[in-house]
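Let me put the model up on the screen, and then I'll walk you through a few spots.

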Amino acid sequence: MRELTYSAAIREGLAQAMDLSDKVIILGQLVDSKAGVFGTTSGLVDVFGTNRVQDFPVAEGLMTSSAIGAALAGMRPVLVHQRLDFMLYSLDAIGNWLSLWRFKSNGLSDVPVTIRAVVGKGWGQGPQHSKSLHAWFTHLPGLRVAMPSTAQDAKGLLLESIFGEVPSIIVEDRSLFSMTDNVPEEPYRVKFGEACVRCTGVDVTVVAIGGMVPASIRAAKTLGFESVSVEVIDPRTLTPLDIDTILNSVRKTRRLLVVDPGWRSAGVSAELISSVCERLGTDLACNPKRVCLPDSHTPMSYSLEKEYYPDENTIVNAVLSMLQVSVGDT
């Protein structure tokens, strides 16, 4: 174990995967550049060459289709979309080919494509560089969707995806790239469908997704000083989803708050709340709540952006409202 940043952990995972198998290739715009997609691919072309680390023109649909073709030819491509927003140009390839290829072949053919999709946040990203569309992709059968919140999970889920047989989309929040975590040096795999309990508690269950996990942990610590015990669960993957870990926690706390870095309407938060209510509705102490992005596009202005994104104070207030207390009353 040693500390690595989120971006360095991704780079190490890619390098180790390429060492383990010459079938692993990286495709994407500027993956061979010195900057290397925020440092996640920097220097790999010097080690593995241009045949395995390939720059690509600004043609997202063609890029994704090429990755599918490479996978069908026996390769294990890692496709990097620097902005999830522009991955929308490849929706036909993802929705009509990648996600259903195994189904259409009756399980006789696999397309082990790993897509890394980066979501921008901060420094004036605006509405075309900041959309977190994870809910869209969780709706598609045949895809796995991960949202790692730590460097350790970023590396482990990446290796699990590369050497698995199911196409996967790993949504990476750009705001996490500089955060550090203890990361094993050797290759390892983190299974899809296994949630992680980041904090234990008995009063409220907070299910935090992706980039909202650090803020939720900070909120749990703040509430702890007010004698409010919060359990923070990080699903890590949305498909498959470890609903059992969430249900076991809510049975104990009888309260559920979902913190989702996506829009409020028809999102993952709604699915989680619905799944819990279907099973535990009459056992809940109060109605579940959700903290999400407002149903609006991201503003360019830094001051407006600060108002747009929820933070630990938003989470603290949501938890306290569920307990029907104020900080001064606790």
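Predicted model: local features only at pLDDT ≥ 70, side-chain atom pairs only at ≥ 80, totals over all residues.

Residues are numbered from 1 along each chain as its sequence is written, and side-chain values use heavy atoms, with hydrogens and water left out. When I say helix or strand, I mean DSSP runs numbered from the N terminus: H or I with at least four residues for helices, E with at least two for strands.

Let's begin with the sheet. It's an open one of seven strands with mixed pairing, and the order is β3-β2-β4-β5-β7-β6-β12. Pairing here means that DSSP finds at least two bridges between two strands. The edges are β3 (53-55) and β12 (237-239); each has a single partner strand, so one side of each is left without a neighbour in the sheet. On average, neighbouring strands are turned by 20 degrees against each other, ignoring direction. Inside the sheet, β6 (residues 144-146) and β7 (residues 168-173) run parallel and are joined by three bridges, with A146 opposite I170 in β7.

What packs on this sheet? Helix α4 (residues 60-72) does, touching β2 (24-28) and β4 (76-81), and its direction makes about 165 degrees with that of β4. Contact is heavy atoms within 4.5 Å; axes are lines fitted to C-alpha atoms, for helices over the stretch in contact, with angles from 0 to 180 degrees between N-to-C directions.

Now over to α9, residues 213-224. Its twelve residues reach 16 Å from first C-alpha to last, close to the 16 Å expected at 1.5 Å a residue; that expectation is 1.5 Å times one less than the number of residues. Its buried residues are V213, P214, A215, S216, A219, A220 and L223. For the record, buried is under 20% relative accessible area, exposed is over 50%, and partly exposed is in between, with a 1.4 Å probe and protein chains only. Covering those buried residues are, among others, β9 (196-199), β11 (230-234) and α13 (312-323).

On to the rings. There are four aromatic pairs, meaning Phe, Tyr or Trp rings (the six-membered one for Trp) with centres within 6.5 Å; planes under 30 degrees apart are stacked, over 60 edge-to-face, the rest tilted. Y6 and F177 have centres 5.4 Å apart and planes at 20 degrees, so they're stacked. Y6 sits in helix α1 (residues 6-20) and F177 in the loop between β7 and β8 (180-183), 171 residues apart. Both are buried: Y6 at 1%, F177 at 2%. F177 also pairs edge-to-face with F38, 5.9 Å centre to centre and 75 degrees between planes. F38, at 26%, is partly exposed. Ring pairs link Y6, F38 and F177 into a cluster.
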